[in-house]
Amino acid sequence: MQPAQQVLHDIVLSRSGDHIGWVEKTLAALRAGAPERELHVFLGLAPRRLGKADLNASHEERLAADAARPGWSLEDWSVDGAARVLALLVFQGARPFAETFKDLRRTADAAELIALYRGLPLYPEPETLHFEVGEGLRSNLKPVFEAIAHRNPFPRDHFDEHRWNHMILKALFVDSRLAPIVGLDERANPELARILREYAHERWSAGRKVSPELWRCVGPFAVDDPALADLERALKEGGAAARAAALALSASPHPAARELLRQRPEAEDIASGRLDWQSLEAA
Amino acid sequence: MYIDPHAHMISRTTDDYEAMAAAGIVAVIEPAFWIGQPRTYVGTYVDYLSSIVGWERFRAGQFGIRHYCTVGLNSKEANNEELAEGVMEWLPRFALKEGVVAIGEIGYDEQTALEDRYFRAQLELAKELELPVMVHTPHRDKKRGTTRSMDVIEEIGLDPSMVVIDHNNEETVAETLQRGFWAGFSIYPSTKMGNRRMVELLKQYGGERIIVDSACDWGISDSLGVPKTARLALESGVPEQTVRRVCYANALEVYGKSGQMREEDWLAPPEIDQRTLYAGNSILRGGREPIIGTEAQKRRDDLIIE
């Protein structure tokens, strides 16, 4: 297995085109302890020289990434973003990593912020980055929030329950999908289920729609009658809400849930695997 | 299709963005400026620059408008030496951010020695980074201040074709154009330029190197300065070609020299960018006029708030 930094290095070099010499030379200098100014200049020039295209990682590259860091996905990475993260990783500064990161984050433009947060699964001393990650989660820039929340294993691996739950809730608030969150089922918990059910009640009172994905985090903890009543209400809405509620029922340990589901047309689709949380996305 | 190349959107509301988009504005340039209240710490200035390269750019994108900015130390705050020194240290880091199309707005306010020092230092920075410059000309002692700005730029050796002299009026325009600079006009009620006067100037000078902007900010100003002037000019018989140059093409040409602003940004934005930063929903090909949205109008007239 290749180490993560090596995986990223090979990917960036293979997309550097005519600028490969510049990239190699700069990386060598950063590794040898060049002043921080060199890092700033590289971060500024990366999109200008290497372009901002999608990384379009190959199947092999995706496998190598996931093997090096379980859950590390190259799906939303761009060429300039990958180069920026690599430069930050190889840079041997005089300050602790978290301080350099903070300094860069403070003055980053949107694309830089996205790149900085996409790189989270690769950085050293992850436990020193909690404040920085909190700042990103609080961002009003949805793509910055999603750089942390989506296809990024850092929250699953390092968030405490409170921060995890609030990330899920914020995702719903800003109309962000839940399916791309790594560890969504593993990290589900009764407190989150309670928060989400209350949130659903609020939305219903205001006459607003509830994201069908919400029920995914409720299902395994739908163990009492009020919770089942919520799922029944979602079932009555029909469409994606009903399909989501049926999926949630199938995850509930409550015997009444099984009974409710048995009477539903969705039951067969769930049993046969035609309906799951992934296919719900297309609904 | 219009560009407003001088608009302080950080001071404006979502109503402005909606109205601007509906009126056909596809891109704005937000120059770093004096926010009305002096900044007394370098840190607040740094956060301000972060706002205009990041958050405001994103916000504009949500309304389908492309946002660019210029970074610089404005003339008023150049008089606070401690602040000015601090800001100068940070500027090189911001000048290479995405969407930064010039150093600006810089120049003179009271024409003090400190203003002169930091004006020159920033011109040197623009020269080193090969960036265009946006020059703010003073409200008071305007004619002399404008001439002096151009003298200093020539002395430092910047190419006038990289420099926009902004807030021109009838008294300054002839010299600005004659010396080879771009001449910006801010359609700003009371203090700067009205659009009827602007139309007369267009009749007299044509469209070469003339740029119309709104300079809308926290004061009484009009975020529709560019489209309103365009309409008045067309109704007054100014050729369409001239209107297109002064309300769109000229700004694109000079600020495009930064390499950070291209017509494709709004005509055919790259997919990755559309996903993350830009919510443009009409792909306009061949310079077609955009479809005028009715959402904003509807919202203004609707009693119900949901």
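**Close-up views of a predicted two-chain model**

A search of the whole structure, which is a predicted model, finds 43 salt bridges over all chains; a salt bridge is a side-chain nitrogen of Lys or Arg within 4 Å of a carboxyl oxygen of Asp or Glu. Residues are numbered from 1 along each chain as its sequence is written, and chains are lettered from A in the order in which they are written. Local features need pLDDT of at least 70, side-chain atom pairs count only at pLDDT 80 or more, totals for chains, interfaces and linings use all residues, and side-chain values use heavy atoms, without hydrogens and water.

**View 1. The open sheet of chain B has eight strands.** The strand order is β1-β2-β3-β4-β5-β6-β7-β8, with parallel pairing; strands are DSSP runs (E) of at least two residues, helices are runs (H or I) of at least four, and both are numbered from the N terminus. Two strands pair if DSSP finds at least two bridges between them. Strands β1 (2-4) and β8 (210-213) of chain B stand at the edges with a single partner strand each, so one side of each lacks a neighbour in the sheet.

**View 2. Strands β4 (residues 100-107) and β5 (residues 133-136) of chain B pair over three bridges.** Their pairing is parallel, and B:I106 stands opposite B:V135 in β5(B).

**View 3. A:L8 belongs to the largest nonpolar core.** Such a core is a set of buried Ala, Val, Leu, Ile, Met, Phe, Trp, Tyr and Cys residues joined through side-chain atoms within 4.5 Å; buried means under 20% relative accessible area, exposed over 50%, and partly exposed in between (1.4 Å probe, protein chains only). Of its 100 residues, A:L8, A:I168 and A:W215 touch the most other members. Helix α5 (residues 79-90) of chain A gives the most to this core, with nine residues. Leaving aside neighbours within four places in sequence, A:L8 is in contact (heavy atoms within 4.5 Å) with residues including A:W72, A:W77 and A:L122.

**View 4. B:R117 forms a salt bridge with B:E85.** The closest N and O atoms are 3.5 Å apart. B:R117 lies in helix α4 of chain B and B:E85 in helix α3 (residues 81-95) of chain B, so the pair ties together parts that are 32 residues apart in sequence. B:R117 is partly exposed, at 39% relative accessible area.

**View 5. B:R140 and B:D109 meet in a salt bridge.** The N to O distance is 3.2 Å. B:R140 is partly exposed at 47% relative accessibility, whereas B:D109 is buried at 5%.
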